[in-house]
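Please open the model in your viewer and keep the selection tool at hand.

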Amino acid sequence: MVDQPVILEMRSITKEFPGVKALSDVSIAVRAGEVHAICGENGAGKSTLMKVLSGVYPYGTYEGQIVYQTEEVRFRDIRSSEAAGIVIIHQELALIPELSITENIFLGNEPGRGGVINWKEAKKRAVQLLARVGLRDDPDTLIKDIGVGKQQLVEIAKALNKDVKLLILDEPTAALNENDSQHLLDLIVGLKGKGIASIIISHKLNEIEQIADSITIIRDGKTIETLDVRGGDVNEDRIIRGMVGRSLQSRFPDRTPHVGEVFFEVKNWTVQHPLVPERLVCKNESFTVRKGEIVGFAGLMGAGRTELAMSIFGRSYGTFVEGQVFKDGKEIQLRNVSEAIDQGLAYVSEDRKSLGLNLLDDIKRSVVSAKLGKISRGQVVDDFKEHAIADEYRKSLRIKTPTVDEGVSKLSGGNQQKVVLAKWMFTDPDLLILDEPTRGIDVGAKFEIYGIIQQLAAQGKGVIVISSELPELIGLSDRIYTIFEGQITNEFTSAEAEPEMLMKSMTSTSKKAEAA
Amino acid sequence: MSGFSDVKKIFGGGTTSTARQAGILLSLVAIVLVFQFWTNGLTLTPGNLIAVVNQYSYILILAIGMVMVIIAGHIDLSVGSVAAFTGIIVAKAMADFDLPWPLAIVLGLVVGALIGAWQGFWVAYVGVPAFIVTLAGMLIFRGGNQYIGAATAVPVPEGFTVIGAGYLPEIGPDTGYNNLTLILGFLAVVAIAWREWRSRRTQAEMGSEMVPVWVSIARVVIIGAVVLYAAFLFAGGRVGTSFPVSGLILVALVVAYSFLTRNTIIGRHIYAVGGNSHAAELSGVKSKRVNFFVMMNMSILAGLAGMIFIARAGASGGQDGNGWELDAIAAAFIGGTAVAGGVGTVIGAIIGGLVMAFLNNGLQLVGAGADLVQIVKGLVLLLAVAIDVYNRSQGRFSIIGIFRPKRRNGPSDQTPTPTTGTPDTAKPGAVTVNN
Ligand SMILES: Nc1ncnc2c1ncn2[C@@H]1O[C@H](COP(=O)(O)OP(=O)(O)OP(=O)(O)O)[C@@H](O)[C@H]1O
Ligand SMILES: [Mg+2]
């Protein structure tokens, strides 16, 4: 790779937001036909750097130079960077759910003449583009009807249509399962063979190690180093050392579990799909949680883990059919969310932007929003207490922000997740349900969040963790349930849990004996 | 680090929404001053100020409810009709059934509440968009008003007119001013100073950051001076006039609703539902109740506005309240309320309403016709919201932006807090001060 010419160079980029210097003097050089990874902790400035590159932050709002194919470029907006062949796929997908695959691919680029779209042509090209990314779906399918994995591929097809030369992917696999991730990574490597360079941002370091040719590490808005993966011995530990400035001895904090009595029990939980009554998203599921125990829920995307959690959490999903919930031996009713919160349940959603946070709000108000009564006298909210409490969480969870008066929309993804976590810790729950709690979170912060989860368990609370990353579930949980198509198929203790066995129970209803 | 950003703190804590408010406030001051010169000092005379309050208090009362409706993500087109409908019922009850006027006021509020419950039911529990529900309400209650009133004006008794045309009474020695108005003005200044002092004390206790002392003092002195100046103007009017009762009702409502929206649980819930209703529901907010509440509250305020109007006019008629919804909505948007909901303040909407009021009044004083007034009002609405949208897209947050030279680095009106965060944030270069 070193012999390839540099096609993109960003020189001394500095970008300030009011009160925050997101990037200071960052430089990066990408060679033709390489996969260049950018690594760094949450809030290091990765997304910001890519937004500078792609014209989201136009020329004039940052300092420094961008040299692309030996010329200095000054992008005014995304369109002008796309015209130059630089296409960014954002952390949050930008597809329109109600439109078809074809319509999405050609949105803003519709083939045709005089404003009249040539749909035949569009569909023909869509099929070709889909084939290039390995999709065989009907191009008339609506985006909302295909999974996230495929949506991600449609995004890439859309980029290919724009004649992309440099593809930027911001955490493309954060919401994908292992199969879909692998497919996507293979595709990126395939594109490389066709001369399309990529810049990829990811917190999944094993993926980076697998596909990157070189890695630029950013810490606190500054370039730390660039590693040549093909040339030297770069491994995950080496990347982590660059990112956090020290080695991480282990991925999970030490812990001696103190598991007590069963205090939370769900029996025969059955729930219908909200729109299709014939379809059961939870079929007769029963499980228990003990005091001080961390219980993992393993399953593929769409297995019904989120549906199970949300339907228990105040019937927030689907139509309740039957089932009972017991807490401390007594049956409890959880007919709506506020009842669930009052009963000591907390649910941290996997989708922090649309379900976890009000992005118009500031940090302090978000932190206390799920239990305002706790800082209110009568109906009146004590805003000084609010500030003080939010500030405590800012310190203890190390939320990276100058002040808790800042809007949550301005935080980096990982720091937003910490705000959501703080919000639910503030409700002081007995049972905390965490749905993909470390999605899009850097290694250091993951370690911290594991530590927080373990602390909560040590206080005698029950914790349920839903995660698509098996190593995480295995490392964290005392017990793991596997879920397949809305059914609990198996139960493993931490000693028994092996990835292959879990995988078997996650993909079929076979019993433990057969699985083993 | 001092300079402009500290000066701005006089009008707000440095958050985005207060910065926007400060911008609108500046525009209001500018408009008043322009007309003061243009009308050779007619704008800021006791008689004119009293007239402005009399003429606009009911629109401003509507704006209070409207901003809450819009924050929650709805709209209410029916307020003019609801006001007229309530007005005719109250007038009829007094004229035909000899209902004593204090009871008639209660009746009016009850009618408003019932109408609000009706509209709130459709919006919150059936899920019909508020635009449709209140468009229907606009027709239904306008028709209801004309049906009941049979298209004739129904006069109201003398006692009732107090809420629309009454003034603070004269008490105490003859000072040449209305003593009660002066006392109220002084009390307001004391309250402002006390609030400032108390908030500083609590901040000190909590160990949170404070604005410099001189900012606090400047804030109290400037606002206090304006309040006192206004008090003297109101108190110095023609004998028998002073601060209008309707203005007093308005001030009380502004204080109460500012508190409600900022400091109470239901207030927080209104912003939460408007900002992201899914997330709000998953945080235990009962969004249906919140939606019902804002719709119902709006109609109660509309009923009150309707009563104040007929009290001033002396009679209830078939054209009362025509077009009020537009003024109230415009006031909310000029005052920085977000079209998509989730953002806005009562105080902002009031300032927005005052912008409209003084424009209207000033143009009339210089002799412009109703046609021209409407054109100007329309343009101002468009301009105010456009500037706001533009500033937001530029990463800047207020109208102040246009009063300052442009800077390359995406300036912002946010005031950084120097004590925490990375050292970078404390550097003067990191903030946008145009010295
Ligand atoms: N619009 C904005 N206004 C103010 N500050 C911002 C804005 N966008 C980002 N920041 C700040 O800039 C810093 C870098 O953010 P950025 O989103 O680039 O981080 P990141 O490296 O992508 O993190 P993550 O891995 O969590 O996605 C953060 O401190 C963030 O709070
Ligand atoms: Mg990011």
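A polar contact here is a pair of N or O atoms within 3.5 Å, and within protein one atom must be able to donate a hydrogen and the other to accept it, while residues adjacent in sequence count only if both atoms are side-chain atoms. This is a predicted model, in which local features need pLDDT of at least 70 and side-chain atom pairs count only at pLDDT 80 or more, whereas totals for chains, interfaces and linings use all residues. Residues are numbered from 1 along each chain as its sequence is written, chains are lettered from A and ligands numbered from 1 in the order in which they are written, and side-chain values use heavy atoms, with hydrogens and water left out.

**Stop 1: the ligand.** Select Gly413(A), where a polar backbone atom is 3.2 Å from an oxygen atom of ligand 1. At Gly43(A), a backbone N or O atom lies 2.8 Å from a ligand 1 oxygen, and at Thr48(A) a polar side-chain atom lies 2.5 Å from an oxygen atom of ligand 1. The protein covers 89% of the 640 Å² of accessible area (Shrake-Rupley method, 1.4 Å probe) that ligand 1 has on its own.

**Stop 2: the helices.** Colour helices H1 (46–53) and H14 (413–425) of chain A, each of which supplies at least two residues of the shell around ligand 1; helices are DSSP runs of H or I with at least four residues, numbered from the N terminus. H1(A) gives the most, with 3 residues.

**Stop 3: the domains.** Select domain 1 (6–244) and domain 3 (353–428) of chain A: both give residues to the shell, so ligand 1 lies between them. These bounds come from an automatic or database domain assignment.
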